[in-house]
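Subject: Structure for you to look at

Hi,

Here is the structure I said I would pass on. Have a look at it first, and then read my notes below.

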Amino acid sequence: MEWVDVKLKSELADAARMLAQERGVTVSQLLRDLVTREIKMTHRARPAETAQDHMVQALRDRLLPEFTQAKSWSNLTARLKSKGYCLVVAGGGLALHSRDSGRRVCKASDLGFAYRELIKQMGEAFPGHPHAWLAQRVLSKPTIPGLDDKRKEGTHRRPPVKDITEDFDVIEPF
């Protein structure tokens, strides 16, 4: 193992000691576990390029005009049909399927077209999508934090909680 000095603000150091004690480990072990978990998450978030990735990129390039120029779900459906594809509800979003075989090709979000963004573009939910509430949320006017709280009777604003997790430095010897 290699030594790494970590300088923490006292509030963060106290919180780290308490968390380590709750977990039955040292602060050093707690930090090693956190760094290990972060590294694993980072590696999972960046999958290696595969033939599938190249296929999705080529498909994205081919279908870009269909998705960006469509002004309604029926228009997008017709455009995709002319290219041999269709959209199908998949969980909280949409998936692109081959019209001929019915096989799933990829998620619409893999092509760069998240369901939320398509709702904004089309101005409504995909016909028959079970998460119709999502369209209401996406298309509603944004709320102003604090202002809506004041409008509700009996609600009180709490002071913001200080985020102490951002206030530390890692010092490594060269």
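At roughly what angle do the axes of helix α5 and helix α6 cross, and within what distance do they come? The axes of α5 (residues 115-122) and α6 (residues 132-139) come within 10 Å, and the crossing is at roughly 70 degrees. That makes α5 roughly perpendicular to α6, a label used for angles of 65 to 115 degrees (under 35 is roughly parallel, over 145 roughly antiparallel, and the rest oblique). The axes here are lines fitted to C-alpha atoms, for helices over the stretch in contact, and angles between N-to-C directions run from 0 to 180 degrees.

Before going on, a word on the source: this is a predicted model, where local features need pLDDT of at least 70 and side-chain atom pairs count only at pLDDT 80 or more, while totals for chains, interfaces and linings use all residues. Residues are numbered from 1 along each chain as its sequence is written, and side-chain values use heavy atoms, with hydrogens and water left out.

On the α5 side the contact is made by Tyr115, Arg116, Ile119 and Lys120, and on the α6 side by Leu134, Ala135, Arg137, Val138 and Leu139. Contact means heavy atoms within 4.5 Å. By class, the residues of this contact are 6 nonpolar, no polar and 3 charged (Ala, Val, Leu, Ile, Met, Phe, Trp, Tyr, Cys and Pro are nonpolar; Asp, Glu, Lys and Arg are charged; the others, Gly among them, are polar).

Now the overall layout. The protein has 7 helices and 5 strands, in the order β-α-α-α-α-β-β-β-α-α-α-β from the N terminus on. These are DSSP runs numbered from the N terminus: helices are H or I with at least four residues, strands are E with at least two. Of the 174 residues, 22% are buried (under 20% relative accessible area; exposed is over 50%, partly exposed in between, with a 1.4 Å probe and protein chains only). Among contacts with a separation of 6 or more, 44% are between residues 24 or more positions apart.

Next, the sheet. It is open, with 3 strands in the order β2-β3-β4 and antiparallel pairing (two strands pair if DSSP finds at least two bridges between them). β2 (85-90) and β4 (104-107) are at the edges with a single partner strand each, so one side of each has no neighbour in the sheet. Direction ignored, neighbouring strands are turned by 35 degrees against each other on average.

β2 and β3 are joined by 6 bridges, and cysteine 86 stands opposite histidine 97 in β3. Their hairpin has 2 residues between the strands, and glycine 91 takes a positive phi near 60 degrees there. Between β3 (residues 93-98) and β4 there are 3 bridges, with leucine 96 opposite cysteine 106 in β4. Helix α4 (residues 73-82) lies across β2 and β3, at about 130 degrees to β2.

Aspartate 110 is in the loop between β4 and α5 and is partly exposed, at 33% relative accessible area. Leaving out residues up to four places away in sequence, aspartate 110 touches Val56 and Arg60. Glutamine 57 is in helix α3 (residues 51-69), and its C-alpha is 9.6 Å from that of glycine 112, 55 residues away in sequence.

Cheers
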